[in-house]
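Trainee: I would like to learn how to read a model of this kind, feature by feature. Could we start with the strands and how they pair?

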Amino acid sequence: EALILPTDAVHDAGGARPWVLVIANGHAVRRAVRLGLRGTARVEVLEGLRPGEAVIPANANVAEGKKVRPAG
């Protein structure tokens, strides 16, 4: 029951402090994550994210704190 994300959703995936932007209360919020297994297209998230949380892709060019809403 691993939580898997596309690699492009994780900022600094190869660094010591990877993080993602999640949508919380209508805003982009930075959240530190701990990664497990890493592939070229997907990464395993061990801590810092709950199933079902909306994650903003890193290439979306959305700033932390910006007002956002989920697509669709």
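Mentor: Strand 4 (residues 34-38) and strand 5 (residues 42-47) pair in the antiparallel sense over three bridges, where strands are DSSP runs of E of at least two residues and helices are runs of H or I of at least four residues, numbered from the N terminus, and where two strands pair if DSSP finds at least two bridges between them. Please keep in mind that this is a predicted model, in which local features need pLDDT of at least 70 and side-chain atom pairs count only at pLDDT 80 or more, while totals for chains, interfaces and linings use all residues. Residues are numbered from 1 along each chain as its sequence is written, and side-chain values use heavy atoms, with hydrogens and water left out.

Trainee: How many residues lie between strand 4 and strand 5, and what is the bridge partner of Arg34 in strand 5?

Mentor: Strand 4 and strand 5 form a hairpin with three residues between them, and Arg34 has Glu47 of strand 5 as its bridge partner.

Trainee: Which order do the strands of the open sheet take?

Mentor: The open sheet consists of three strands in the order 3-2-6, with antiparallel pairing. Its edge strands are strand 3 (27-32) and strand 6, each of which pairs on one side only. Strand 2 and strand 6 are joined in the antiparallel sense over two bridges, and Val22 stands opposite Val55 in strand 6.

Trainee: What elements does the chain have from the N terminus on?

Mentor: The elements run β-β-β-β-β-β, that is, six strands and zero helices.

Trainee: How should I read the radius of gyration of the chain?

Mentor: The radius of gyration is taken over C-alpha atoms, and the globule rule is 2.2 Å times the number of residues to the power 0.38. For 72 residues, a compact globule would have a value near 11 Å, and the chain has 12 Å, which agrees. Along the principal axes, the C-alpha atoms fill a box of roughly 30 × 25 × 20 Å.

Trainee: What share of the residues is buried?

Mentor: Buried means under 20% relative accessible area, exposed over 50%, and partly exposed in between, with a 1.4 Å probe and protein chains only. In this chain, buried residues make up 29% of the 72 residues.

Trainee: Where does a positive phi occur in a residue other than glycine?

Mentor: Most residues other than glycine have a negative phi. Asn61, with phi near 55°, has a positive value; Asn61 is found in the segment after strand 6 (55-56), and it counts as exposed because its relative accessibility is 74%. Asp12 also has a positive phi, of about 55°, although it is not a glycine. Asp12 sits in the loop between strand 1 (3-6) and strand 2 (19-24), and its 48% relative accessibility is why it counts as partly exposed.

Trainee: Which residues does Glu64 touch?

Mentor: A contact means heavy atoms within 4.5 Å. Not counting residues up to four places away in sequence, Glu64 touches Leu21, Ala28 and Arg30. The C-alpha atoms of Glu64 and Ala28 are separated by 5.1 Å, although the two residues are 36 residues apart along the chain. Glu64 lies in the segment after strand 6 and, at 53% relative accessibility, counts as exposed. Across the chain, residues 24 or more positions apart account for 55% of the contacts with a separation of 6 or more.
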